[in-house]
Amino acid sequence: MFKVDNDKCYRCGICTGIELDVFQFNDEGNIQINNDKITEDNMDQVMTAINSCPAGALQMVMDDNAVRDGFNPIENEKEDN
Ligand code: SF4
């Protein structure tokens with residue numbers, strides 16, 4: 001399953017633009033993730049959204065104790081230089 005840290009989220013809308021069924025803004029203007037809408041068919045788009053989040057606000061939760069921070073392309077670009 002996936003989680004969002006709305007304290008980090010920029011509200012840029014990238015994730016909602018990639019997979020609107022899964023990533024949506026709620027009435028408070030925060031991102032909510034509809035994990036029950038993730039299927040084999042849209043998993044590629046979900047992973048693209050996770051990897052595209054500029055804030056690193058999206059996380060894959062492996063189990064209760066293991067959380068992998070979302071891939072941040074901006075930070076990785078800096079590390080490459
Ligand atoms: S891509 Fe990341 S920063 Fe942008 S709205 Fe989604 S969770 Fe927030």
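This is a predicted model: local features need pLDDT of at least 70, side-chain atom pairs count only at pLDDT 80 or more; totals for chains, interfaces and linings use all residues.
Trainee: In what order do the elements of the protein run from the N terminus on?
Mentor: The protein has three helices and five strands. From the N terminus on, their order is β-α-β-β-α-β-β-α.

Trainee: Which element of the protein has the lowest mean pLDDT?
Mentor: The protein averages a pLDDT of 85, and 77% of the residues score at least 70. Among the elements, α1 has the highest mean, 98. The lowest mean, 49, belongs to helix α3 (residues 73-80).

Trainee: Where on helix α2 do its buried residues fall?
Mentor: The buried residues of α2 (residues 43-52) are V46, A49 and I50. Seen down the axis of α2, these buried residues fall within an arc of 100 degrees, so they line one face of the helix.

Trainee: Which elements do the buried residues of α2 pack against?
Mentor: V46, A49 and I50 are the residues in question. Their packing partners include two strands, β1 (2-4) and β2 (23-25). The others are α1 (14-18) and β4 (58-61).

Trainee: Which element gives the largest share of the largest nonpolar core?
Mentor: This core has 13 residues, of which C15, F23, A49, C53 and L58 touch the most other members. Two or more residues come from each of α1, β3 (31-33) and α2. The largest share is three residues, and the element that gives it is α2.

Trainee: Which residues does F23 touch, not counting residues up to four places away in sequence?
Mentor: F23 is among the core members that touch the most others. With residues up to four places away in sequence left out, F23 touches C15, T16, I31, I33 and A49.

Trainee: How many nonpolar residues are in the shell around the ligand?
Mentor: The ligand is surrounded by 14 residues, and the closest are C9, C12, I14, C15 and C53. By class, one residue of the shell is polar and one is charged. The number of nonpolar residues is 12.

Trainee: What phi does R11 have?
Mentor: Most residues other than glycine have a negative phi. R11 is found in the loop between β1 and α1. R11 is not a glycine, yet its phi is positive, about 60 degrees.

Definitions and conventions: Residues are numbered from 1 along each chain as its sequence is written. A residue is buried if 20 or more other C-beta atoms lie within 10 Å of its own, exposed if 12 or fewer, and partly exposed in between; C-beta atoms are placed from the backbone. Helices (H or I, at least four residues) and strands (E, at least two) are DSSP runs, numbered from the N terminus. The arc is that of the directions from the helix axis to the C-beta atoms. Two residues are in contact if their C-beta atoms, placed from the backbone, lie within 7 Å. A residue is near a molecule or strand if its C-beta atom, placed from the backbone, lies within 6 Å of it. Ala, Val, Leu, Ile, Met, Phe, Trp, Tyr, Cys and Pro count as nonpolar, Asp, Glu, Lys and Arg as charged, and the others, Gly among them, as polar. A nonpolar core is a set of buried Ala, Val, Leu, Ile, Met, Phe, Trp, Tyr and Cys residues joined through C-beta atoms within 7 Å. pLDDT is the predictor's confidence in each residue, from 0 to 100.
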